[in-house]
Amino acid sequence: MAPKNLVNIEAVSKSFGKRPLLERVSLGVSAGERIAVVGRNGAGKSTLLKVFTGIETVDSGRVTVGSDVHVEMVSQIDSPDADATVASVVVPGRPIHEWAGDARVRDVLTGLLGGFNEELLNARVASMSGGERRRVQLAKALINDCDLLLLDEPTNHLDVDVISWLVDHLKSRPKLAIVVVTHDRWFLDALCDRTWEVVLGQVEEYDGGYSAYVLAKAERDRQASSSEARRQNLLRKELAWLRRGAPARTSKPKFRIDAANELIENEPPPRNTTELLAFAGARLGKSVFELQDASMDIAGRRLLDRVNLNFGPGDRIGLLGANGAGKTSLIRMLLGELPPAEGKLITGVTVKPAYLSQHLEELDPKWRVLEAVEKVASRVELGKGRELSASQLCERLGFNADGQWTPVGDLSGGERRRLQLTRLLMGGPNVLVLDEPTNDFDVETLTALEDLLDSFAGTLIVISHDRYFLERVCDDNYALFGDGTVTHLTGGIDEFIERRRSMRGHTVASSRTSTPDATTAKEQAPGLSAGERRIIEKDLARIERTLAKLEEEEATIHGKMAEASTDHERLAEMNRRLQEIGRKRDDLDAEWLVVAESLT
């Protein structure tokens, strides 16, 4: 029996201004299907999801939703009511005795929110961080009974272990149809069995998840002989990685083996580690960063305690850890921005670092993209006689010939981040530090970035929640678990996920065995008097209010930046304020952790 058809769109067209995003597109979703939606930023992926839900009306064509079909959507942006609590959003109007006996509700609350005690359920959503709000959105959608779940960048702000839990949970619900837009390729490969690529107003369909999509697209390009040679090479390189890299060992992509082997028969590994190490040693010497019994204190909390660490020339390091564990602070200490409270930092004398932070740098909005890059350098050396011009590097990171003449003030957030990275690479660093580099990048740009990093001969240190990216560009992984240590993960990201799940299971054990109203203050915080507990709770509320105000101010500034695209002085001032807000949020996150720990 064929699966039930849930939603259809027929000959649908949708434009914004003169630009058509969808042109006479016809698609359908049936029960139980798991569909990945990929495409470049601005291609129309989010618009396609909104068309399915009716949030966006179509210019022409027809959208048909079954009369008894319930559709849920988790969007990139949410605006919770000021007084909304976790309970009122996730289990609205349901008494505790009703939902506490529901295994699925308990599993979702535990997997996404870490439990379901009274304090958590009464927390105001508006005061939460972006990552916490995303978890609340997901929890609401997963608890509701729906036939079709539309997810727009669901893994943004989520830790690696939570993303792994989310995949496992969705796999356990085979009747639920899912359409997902995300740049997280590991998520797509682990969950999806079909792929839609939105390109030039059309939607091209492929069988299988991301790995199968890469294979099929490479075959199409080879047969049609219509793509540029560089693009074909990139696809073959990506396919070779997928066939012999970590994802191939874990998620078992659905490849047609003979065709895949034929495509990659003469494809070398993504990078020659021996060659890169030799070149990096020549430029960097024998020492890069070394911590000797180093400790770090922030807001009265010891983030690092007598840590010994040595990153050498040519090392490619991934840093993992929960939000607030101290990853960014560790990076800032290595770069000399934060001195150790105790111990010693040794930096190689030839080290020339470049740091891609989560905050955008100040640039003259009147500059053209190419001009902003050439302000740094006109050419960059890649080693062994290889070099790139500023224009060539711009093109490799997604700025085509026309895009290179776009004013900086007209760029989107993702385009500004690409420009920031391009300028850093043009500076010719031998140590590259990337803090969440995949934010706002589409899959094609990520593939190009990975290819570029393959030829980077220096030391690479990456903080990211993107499991695929970490496995693709890094050779070693280290984790911060919040206990003051930095742990070398010999078992890779799988080891990190297992350890985090074990820690989370221990933390929420009381939530699994008791209902929220049965948990007393004395049980939650042994040794604390009622007065002491009230003082601590007031401190937490104060920090959360301050964080909420900073996030509101940050959102307001981003809105005003578009209006002030031609006013250089105003843009510079707003950029300075955004950087100041970012620093304050880092400090407040660390302070929140210190105060929250005193309640456990």
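# Close-up views of a predicted model

In this protein, residues 24 or more positions apart account for 71% of the contacts with a separation of 6 or more, where contact means heavy atoms within 4.5 Å. The model is predicted, with local features needing pLDDT of at least 70 and side-chain atom pairs counting only at pLDDT 80 or more, whereas totals for chains, interfaces and linings use all residues. Residues are numbered from 1 along each chain as its sequence is written, and side-chain values use heavy atoms, with hydrogens and water left out.

**Overview. The protein contains 24 helices and 20 strands.** Helices (H or I, at least four residues) and strands (E, at least two) are DSSP runs, numbered from the N terminus. Of the 600 residues, 53% count as buried, a class that means under 20% relative accessible area, with exposed meaning over 50% and partly exposed lying in between (1.4 Å probe, protein chains only).

**View 1. Strands S1 and S2 form a hairpin with 2 residues between them.** Strand S1 (residues 5–16) and strand S2 (residues 19–30) run antiparallel and are joined by 8 bridges; two strands are said to pair if DSSP finds at least two bridges between them. Val7 has Val29 in S2 as its bridge partner, and in the turn Gly17 has a positive phi of about 70 degrees.

**View 2. Six strands make an open sheet with mixed pairing, in the order S5-S6-S7-S3-S8-S9.** Its edge strands are S5 (71–74) and S9 (202–207), each of which pairs on one side only. Neighbouring strands of the sheet are turned by 20 degrees against each other on average, direction ignored; axes are lines fitted to C-alpha atoms, for helices over the stretch in contact, and angles run from 0 to 180 degrees between N-to-C directions.

**View 3. Helix H4 (residues 103–113) packs with helix H6 (residues 130–143) at an angle of about 165 degrees, their axes being 10 Å apart.** The two helices are therefore roughly antiparallel to each other, since angles under 35 degrees count as roughly parallel, over 145 as roughly antiparallel, 65 to 115 as roughly perpendicular and the rest as oblique. The crossing of H4 and H6 is right-handed; a crossing is left-handed if the near helix is turned anticlockwise from the far one by less than a right angle, and right-handed if clockwise. Arg104, Val105, Val108, Leu109, Leu112 and Leu113 in H4 meet Arg135, Val136, Leu138, Ala139, Leu142 and Ile143 in H6. By class, this contact has 10 nonpolar, no polar and 2 charged residues, where Ala, Val, Leu, Ile, Met, Phe, Trp, Tyr, Cys and Pro count as nonpolar, Asp, Glu, Lys and Arg as charged, and the others, Gly among them, as polar.

**View 4. The axes of H4 and helix H7 (residues 160–171) come within 10 Å and cross at roughly 160 degrees.** H4 and H7 are therefore roughly antiparallel to each other, and H4 passes H7 in a left-handed crossing. From H4, the contact involves Arg104, Asp107, Val108, Gly111 and Leu112, and from H7 it involves Val162, Trp165 and His169. The contact of H4 with H7 has 4 nonpolar, 2 polar and 2 charged residues.

**View 5. Strands S10 and S11 form a hairpin with 2 residues between them.** Strand S10 (residues 289–298) pairs with strand S11 (residues 301–311) in the antiparallel sense over 7 bridges, and the bridge partner of Glu290 in S11 is Asn310. Ala299, in the turn, has a positive phi of about 55 degrees.

**View 6. An open sheet of 6 strands, with mixed pairing, has the order S14-S17-S18-S12-S19-S20.** Strand S14 (353–356) and strand S20 (487–488) stand at the edges with a single partner strand each, so one side of each is left without a neighbour in the sheet. Strand S12 (residues 316–321) and strand S18 (residues 459–463) run parallel and are joined by 4 bridges, with Ile461 in S18 as the bridge partner of Ile317.

**View 7. Thr438 is found in the loop between strand S17 (431–435) and helix H18 (443–454).** Thr438 counts as buried because its relative accessibility is 2%. Not counting residues up to four places away in sequence, Thr438 touches His183, Leu446, Ser464, Asp466 and Phe469.
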